[in-house]
Amino acid sequence: MNGSPPPTPRCFALIPCAGLGSRAGTTGPKQYERVAGQPMVWHTLSAFAGVKRVARTLVVVAPGDGFFERNPTTSALVVQCGGASRAASVSNGLRELRRVGATDDDWVLVHDAARCLITPALIDRLIDACLADEVGGLLAHPLPDTLKVEEEGRAASTVPRDGKWLAQTPQMFRLGMLRQAMENAGEGVTDEASAIESMGLKPLLVPAGAHNFKVTYPDDFAMAEAVLRSRR
């Protein structure tokens, strides 16, 4: 008699939210700055709450971060296990997902808290593209501009833009594969795809669009505000 079929892999979201955002020019963590009337991270969590295939969203904050104690959320599980780097926060978050029931075969969508212009439609696009893929993938945007190499404030050379993409998030991989990749790559990696690439694998590039940018510099807040208000 055949045994029962293996359970269908689920999708979990992991939001690293422990950074300070030093380039943003804010007095506190940039993800808590108000944009279009709400803290930036609220827009991010709202997008994931609108995707039924996301079984659970886990937010990784720094130890002692009291934002969610003052502003409770019912759409996500908040854990104070943020590390000294983004990679450390993601690795800690993966362990927390295992603790609350996720398995190595489940998918994890890692997304920047400060990439607040993500939409449920883009998340669904990534899930649709990656569910049947052996590796997984990431939202990305073909590079529209010419790249320059700088030396002492001057353009020293030009990098061809053909075949170059701007990496975005979410980035979607199996929990077990990503956990191993992050452990092997160390804390120097700036995104999950690069950790996967270090294993000799090639993540799928899923076109997203220019609006899914990460709020990084002071001018980005006004652009994000304009985009969010235009959607209303």
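Reader: In which sense do strand 7 and strand 10 pair, and over how many bridges?

Author: Strand 7 (residues 136-142) and strand 10 pair in the antiparallel sense, over 6 bridges. Keep in mind that this is a predicted model.

Reader: Which sense holds for strand 6 and strand 10?

Author: Strand 6 and strand 10 (residues 165-174) are antiparallel too, with 4 bridges. Here valine 110 has glutamine 171 of strand 10 as its bridge partner.

Reader: How many bridges join strand 8 to strand 9?

Author: The count is 5, between strand 8 (residues 147-151) and strand 9 (residues 154-159), which run antiparallel. Valine 149 has its bridge partner, serine 157, in strand 9.

Reader: What should I check in the hairpin of strand 8 and strand 9?

Author: Check the backbone of the turn. There are 2 residues between the strands, and glutamate 152 takes a positive phi near 55°.

Reader: Now the helices. How should I read side-chain directions?

Author: An α-helix has 3.6 residues a turn, so residues three or four places apart point the same way. Then ask which residues are buried, meaning under 20% relative accessible area.

Reader: Why is helix 3 called largely enclosed?

Author: Because 10 of its 14 residues are buried. Among them are Ala87, Ala88, Val90, Leu94 and Leu97, and also Asn92 and Glu96.

Reader: What covers the buried residues of helix 3?

Author: The cover includes strand 1 (11-16), strand 4 (54-60), strand 5 (77-79) and strand 6 (107-110). Helix 5 (175-185) and helix 6 (192-197) also contribute.

Reader: What span does helix 3 reach, and what follows just after?

Author: Helix 3 (residues 86-99) reaches 20 Å from its first C-alpha to its last, close to the 20 Å expected at 1.5 Å a residue. Just after the helix, glycine 101 takes a positive phi of about 115°.

Reader: Is helix 1 mostly covered or mostly open?

Author: Mostly covered: 7 of its 10 residues are buried. They are Met40, Val41, His43, Thr44, Leu45, Ala47 and Phe48.

Reader: Which helix gives the largest share of the lining of the second largest pocket?

Author: Helix 1 (residues 40-49), with 3 residues. The lining includes His43, Ser46 and Ala47. Others listed there include Cys116, Ile118, Leu228, Arg231 and Arg232.

Reader: What volume does that second largest pocket have, and how does its lining divide?

Author: The volume is about 160 Å³. The lining divides into 6 nonpolar, 4 polar and 2 charged residues.

Notes:
Residues are numbered from 1 along each chain as its sequence is written. This is a predicted model: local features need pLDDT of at least 70, side-chain atom pairs count only at pLDDT 80 or more; totals for chains, interfaces and linings use all residues. Side-chain values use heavy atoms; hydrogens and water are left out. On a 1 Å grid over the protein atoms alone, a cavity is a set of points where a 1.4 Å probe fits but cannot get out, and a pocket is an open set with protein on both sides within 12 Å along at least five of seven lines; lining residues have an atom within 4 Å of a point. Grid points are joined across faces, edges and corners, and a volume is the space filled by probe spheres set on the points. Ala, Val, Leu, Ile, Met, Phe, Trp, Tyr, Cys and Pro count as nonpolar, Asp, Glu, Lys and Arg as charged, and the others, Gly among them, as polar. Two strands pair if DSSP finds at least two bridges between them. The expected span of a helix is 1.5 Å times one less than its number of residues. Buried means under 20% relative accessible area, exposed over 50%, partly exposed in between (1.4 Å probe, protein chains only). Contact means heavy atoms within 4.5 Å.
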